[in-house]
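Dear colleague,

I am passing on the structure we spoke about, and my notes on it follow below. Please read them with the structure open beside you.

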Amino acid sequence: MTVQPTGLADYNFAYLDEPTKRMIRRAILKAIAIPGYQVPFASREMPMPYGWGTGGVQVTASIIGPDDTLKVIDQGADDTTNAVSIRAFFAKVAEVSTTTSTAEATIIQTRHRIPEETLGEGQVLVYQVPIPEPLRFLEPRETETRKMHALEDYGLMHVKLYEDIARNGHIATTYAYPVKVEGRYVMDPSPTPKFDNPKMDQSEALQLFGAGREKRIYAVPPYTSVVSLDFEDYPFEVNRFDEPCALCGAEGVYLDEVVLDDRGGRMFVCSDTDHCEKRRAAGHRGAMASEGTLA
Amino acid sequence: MYVAVKGGEKAIRNAHRLLADRRRGDRSVPALTLTQITCQLALAIDRVMSEGALYDRDLAALAVKQARGDMIEAIFLVRAYRTTLPRFGYSEPVDTGAMHIERRISATYKDLPGGQMLGPTFDYTHRLLDPELAGDAAVPDAERRDGEPARAMRVSDILAQDGLIEGDCDAQTEMPGDITREPMEFPMERDTRLQSLSRGDEGFLLALAYSTQRGYARSHPFAGEIRIGEVEVAVDMPELGFAVTIGRVQLTECQMINQFKGSSKAPPQFTRGYGLVFGQSERKAMAMALCDRAMRARELGEDIVAPAQDEEFVISHCDNVQASGFVEHLKLPHYVDFQAELELVRTMRAEHESRRDAGEPMPEAAE
């Protein structure tokens, strides 16, 4: 009988065994050395399903140390179920301290958002990536897309963006909006809204991207140019919201639309919960803050 | 309000508690023991070991119990556990020719050295539900052949003597690849492709194999041999200078024999598709062999015209842990991205309406 009453305490620090971490760190180092290039790595099965952030979890598990402070967000919020679950996982297997404060975190693992607060040197932002290949929906074959990257053959992407404009008058990509990194590789920023793209450019923080199912790691080192693809006559634009956050009154931030009732009542609130809470603590008030339903 | 999904900590705790309650069910019914599962649901265990890629009946039974009988969930549990096991080394290649055979059939020869052995098969049962099994009626012991456990040469070796069939490929001199330790890259070699197929989803491979029989990359297959039994696993001990047997595993091996008219690359001869899986998993081994043969199209110089021949398509999508994860992740919140799409659709609708009101031509014509 090989079944033992093993608790997670019997696993290695941060779940992965050390040779696996070394393999992943090598992939990360290569990714940092070639910004925007997708490095294949021998992704492991993790104790959460593929699609739940196994790539990000593997990257975080490989770089985290006992002195780190971890923040995990999903949709910008610290308290969505999957963010709670991943944070609890690392608290359990690595016994690291966790935080919801963007400024206090040394490692921030994220799904679908970049925090509103500007990240600084020494911080690492780990993105969970479902489909790392920006050309995938134009060309389904990996053998082809790798060739296209090698030859810097990105014409197909520009044609796609052009066709968007011809048909719709807009570039109809609102999230996972392709970027060019350091003038070389076209990269998928993960399904963050294009609102967040400008934050990636010349960021002081190290940005690491992990795609578990697709077995790829890529990176944007600090102070690296990240340019959203566009045309001279159709420059890249971020989405704007007509009203400020209903709770903290913030403008120029990404908002979630919350349906209030069945008569079309809506409110817009910060997607970044930490940012919203900090602003309210500092005395900022939005139009609906007094209701207190979300405070 | 969707905000209800937030504040997840308590919700998650309660959901897990409810899951445990539902898993146990009616407390007046005795709980299943792992031994009951390994003994009486043995083929479920075999599937979990094979697709979970970990040979351990007790862990597989635990996984089946924990997963409430959901096979893919059980396979996932085993895979996640497998990740944490250190790699000590690689065994010597197992010799299926020296298998302690429990079942061995060939559809290409009426009789052959070692004989045909039906073994514990469903093949000739009539699928009539048996009310006796609802109870615990006594079951007579199985008949056993006297003497040594049967050993038999492989059918492929019989054909190879006449040069009618391709050999056991060119035995690789270098170490085979390891899909659990190195990133997969296309085009693949046959070693890593077979590894992927062996842990691939039975249902997916079955459907693809079926498609080859219905004309999508037809390969005129014959079941040359299917054998099920135990083989010894030996590990080379550098300190000792020789290999030591560390245990036995039950395997199902299938050698499909396929007609081949010859091409610029190879003379007319029989070719082979190969299937090998843990436990008694005959359907899976046969499906694997058909898929393996179909994907050898490039190597044999055949035209690639059907899905089953498309290595990148088949291998990228045959893993049920990956597939179920990515399909099911759609239930995670996506409201940030949805919000972005919502804004775009609203903008485009507003533009559309203003154009229509102004009597301007619609964009189809504008292009």
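How far apart do the C-alpha centres of domain 1 of chain B and domain 2 of chain B lie? In this model, which is a predicted one, the two centres are 29 Å apart. The contact between them draws 13 residues from domain 1 of chain B and 14 residues from domain 2 of chain B. As for the bounds, the domain assignment of chain B places domain 1 at 11-82, while domain 2 is made up of 96-120 + 148-167 + 181-317.

Turning to the chain as a whole, chain B contains 14 helices and four strands. Its radius of gyration is 26 Å, whereas the globule rule gives 21 Å for 367 residues, and because the value for chain B is well over that figure, the chain is more spread out than a compact globule. Along the principal axes, the C-alpha atoms of chain B fill a box of roughly 90 × 70 × 55 Å.

When the contacts in chain B between residues at least 6 apart in sequence are considered, 65% of them join residues at least 24 apart.

Finally, the charged side chains of chain B number 44 positive and 59 negative, and the centres of these two sets lie 5 Å apart.

Methods. Residues numbered from 1 in each chain as written. Chains lettered and ligands numbered in written order. Predicted model: local features only at pLDDT ≥ 70, side-chain atom pairs only at ≥ 80, totals over all residues. Heavy atoms only, no water. Helix = DSSP H or I, 4+ residues; strand = E, 2+ residues; numbered from the N terminus. Rg over C-alpha atoms; globule rule 2.2 N^0.38 Å. Contact = heavy atoms within 4.5 Å. Lys, Arg positive; Asp, Glu negative; His and termini not counted. Charge placed at Lys NZ, Arg CZ, Asp CG, Glu CD. Domains from an automatic or database assignment.
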